[in-house]
Amino acid sequence: MVRGFPVLDIKRPVARLARRCAGGALLVGLSVLALAPSTARADTILVMGDSLSAAYGIDPQAGWVNLLKQRLGDEHDVVNASISGETTSGGSARLLDMLGQYHPDIVLLELGGNDGLRGLSPQQMQVNLAKMIERSQQRGAEVLLLGIEVPPNYGPAYSDAFRGVFTQLASEYQVPLLPFLLQNVDLENMLQSDGIHPTAEAQPIILDNVWPKLKPLLTSPASAEE
């Protein structure tokens with residue numbers, strides 16, 4: 001491992017409920033739901049990530065995803081499907097099951113760090129992430145890309161290609177992008193002893209990085225308050 005690199009607008013909820021209804025009879029009740037927005041279910045946010053989102057090495061309650069849950073309260077359901085060591089290939093293989101199980105309205109993709117650490121092909125990483133974006137969008141979910149960077153000793157060619165994967169995908173699929181999940185994190189003093197994973201102290205900073213990109217995707221005015 002390399003030190004310094006941490007592996008109700010009414011219409012939208014109604015449309016999402018219609019999307020989930022398997023039978024035509026259930027659709028009849030949607031006009032009633034539109035008249036009573038308080039009965040609409042909370043949006044579901046699915047986080048597909050690696051150890052950076054799985055709170056590796058710290059109390060899970062201190063991880064940035066759990067801090068997001070606390071910030072949103074009951075307005076949104078947050079499902080953390082992150083696995084330490086996950087690659088884009090593994091995430092892509094798991095995503096369909098996650099989409100079918102949780103029917104998310106928003107999908108946060110925080111993958112690629114382990115591909116970079118292993119020196120895997122940026123082109124294949126792009127293919128894997130593209131599949132995840134497409135499948136999420138086909139299910140009606142909005143996507144937020146959370147990017148990561150490789151250490152400089154991987155060389156400028158690989159670093160540029162790796163970074164370019166996220167920017168190209170964001171442009172092609174018109175999805176918001178946080179270029180570097182760990183921006184503003186003190187990588188000298190806020191990493192665990194392995195020199196890779198952020199400490200509990202860094203987690204609120206990570207959430208503050210994600211929040212401005214996620215906030216516009218949230219449909220409930222109450223959940224979008226600071």
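This is a predicted model: local features need pLDDT of at least 70, side-chain atom pairs count only at pLDDT 80 or more; totals for chains, interfaces and linings use all residues.
Figure 1. F162 and F166 both belong to helix α8, which covers residues 156-173, and they are four residues apart, about one turn of the helix. F162 is counted as buried, since its relative accessibility is 1%, and F166 is buried too, with a relative accessible area of 2%. Both values fall in the buried class because that class takes in relative accessible areas under 20%.

**Figure 2. An aromatic cluster made of Y154, Y158, F162 and F166.** By the rule applied here, the count comes to three aromatic pairs. Y154 and Y158 form a tilted aromatic pair, with 5.7 Å from centre to centre and 35° between the planes. In the pair of F162 and F166 the ring centres are 5.7 Å apart and the planes stand at 70°, so this pair is edge-to-face. The name follows from the angle, because planes over 60 degrees apart count as edge-to-face. As for the two tyrosines, Y154 is partly exposed at a relative accessible area of 24%, whereas Y158 counts as buried at 17% relative accessibility. The four residues Y154, Y158, F162 and F166 together form one aromatic cluster.

**Figure 3. G112 in the loop between strand β3 and helix α6.** The loop that holds G112 lies between β3, residues 106-110, and α6, residues 113-117. G112 has a relative accessible area of 0% and is therefore buried. G112 and T88 are 24 residues apart along the chain, and yet their C-alpha atoms are separated by 5.7 Å.

**Figure 4. The packing of helix α5 against helix α7.** Helix α5, residues 88-102, and helix α7, residues 122-138, pack at an angle of about 10°, and their axes are 9 Å apart. This angle makes α5 roughly parallel to α7, because angles under 35 degrees count as roughly parallel. On the side of α5, the residues that meet α7 are T88, S89, G91, S92, L95, L96 and L99, while α7 contributes M125, N128, L129, K131, M132, R135 and S136. The residues of this contact between α5 and α7 divide into six nonpolar, six polar and two charged.

Figure 5. In helix α4, which runs over residues 64-72, the residues W64, V65, N66, L67, L68 and L72 are buried. After α4 comes G73, and its phi is positive, near 65°.

**Figure 6. The chain to which the close-up views belong.** The chain has nine helices and five strands, and along the sequence they follow the pattern α-α-α-β-α-β-α-β-α-α-β-α-β-α. Of its 226 residues, 50% count as buried, including F162, F166 and G112.

Terms used:
Residues are numbered from 1 along each chain as its sequence is written. Side-chain values use heavy atoms; hydrogens and water are left out. Axes are lines fitted to C-alpha atoms, for helices over the stretch in contact, and angles run from 0 to 180 degrees between N-to-C directions. Helices (H or I, at least four residues) and strands (E, at least two) are DSSP runs, numbered from the N terminus. Angles under 35 degrees count as roughly parallel, over 145 as roughly antiparallel, 65 to 115 as roughly perpendicular and the rest as oblique. Contact means heavy atoms within 4.5 Å. Ala, Val, Leu, Ile, Met, Phe, Trp, Tyr, Cys and Pro count as nonpolar, Asp, Glu, Lys and Arg as charged, and the others, Gly among them, as polar. Rings of Phe, Tyr and Trp (its six-membered ring) pair if their centres lie within 6.5 Å; planes under 30 degrees apart count as stacked, over 60 as edge-to-face and the rest as tilted. Buried means under 20% relative accessible area, exposed over 50%, partly exposed in between (1.4 Å probe, protein chains only).
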